[in-house]
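Here's a quick briefing to read alongside the model. Have the viewer open and follow the points topic by topic.

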Amino acid sequence: MKRDRLLNQEIISEVAALGHTEYFCIADCGLPIPKGVKVIDISITAGNPKFLDVLDVVREELVIESLILATEIDDKNPKLLKELQERFGEMPVEKVAHEEFKKLTEKAKCVIRTGENSSYANVILVGGVNF
């Protein structure tokens, strides 16, 4: 058995398969997911599991080069933005309009749908390299 915190086999597989510069998305329960993009729906109830709980576990396993967020997070969910800034420090962050963010999810290798029900609780993690 794996010793690490991440136990979901589908998520482990997608993390292991992600290549450099490829997109891995963690989303709230309202983000539309494009047809053809793999979705791992772990939502149970509104608010459960929380976006940050899932993000924290995934970021321990995934080498991340940068983040992509919707610009709307600045005004609509500043508390979450602060949490992200605390977790990722000086990591490069690109912000795009939410409509553009939704288009970028078409390129995601995987989207994890959480039960999060706060506004703009979505991130695209850009795969990095461990060397």
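Strand 3 and strand 6 (residues 123-127) run antiparallel, with 4 bridges joining them. Keep in mind that this is a predicted model.

**The nonpolar cores**
- The largest nonpolar core has 28 residues, and the ones touching the most other members are Phe-24, Ile-26, Val-58, Ile-112 and Leu-125.
- At least two residues of this core come from each of helix 1 (9-17), strand 1 (23-27), helix 2 (51-61), strand 3, helix 4 (78-88), strand 5 (108-113) and strand 6.
- Helix 2 is the top contributor to this core, giving 6 residues.
- Apart from this core there's another one, made of 13 residues, and its members include Val-37, Ile-68, Phe-101 and Ala-108.
- So Ile-68 turns up again here, as one of the residues of that 13-residue core.

**Who does Leu-125 touch?**
- Leaving out residues up to four places away in sequence, Leu-125 touches Glu-22, Tyr-23, Phe-24, Ile-26, Leu-55, Val-58, Leu-62, Ile-64, Ser-66, Leu-67 and Phe-88.
- Among those contacts, Phe-24, Ile-26 and Val-58 are also listed with Leu-125 as touching the most other members of the largest nonpolar core.

- The peptide bond running from Asn-48 to Pro-49 is cis, and its omega is near -5°.
- Pro-49 sits in the loop between strand 2 (39-41) and helix 2.
- Thr-21 isn't a glycine, yet it has a positive phi of about 70°; look for Thr-21 in the loop between helix 1 and strand 1.
- With a relative accessible area of 46%, Thr-21 counts as partly exposed.
- Tyr-120 is another non-glycine with a positive phi, about 55°, and its place is in the loop between strand 5 and strand 6.
- Tyr-120 is partly exposed rather than buried, because its relative accessible area is 22% and buried means under 20%.

Note on methods
Residues numbered from 1 in each chain as written. Predicted model: local features only at pLDDT ≥ 70, side-chain atom pairs only at ≥ 80, totals over all residues. Heavy atoms only, no water. Pairing = 2+ DSSP bridges. Core = buried A, V, L, I, M, F, W, Y, C linked by side-chain atoms within 4.5 Å. Buried < 20%, exposed > 50% of the residue type's maximum accessible area, 1.4 Å probe, protein only. Contact = heavy atoms within 4.5 Å.
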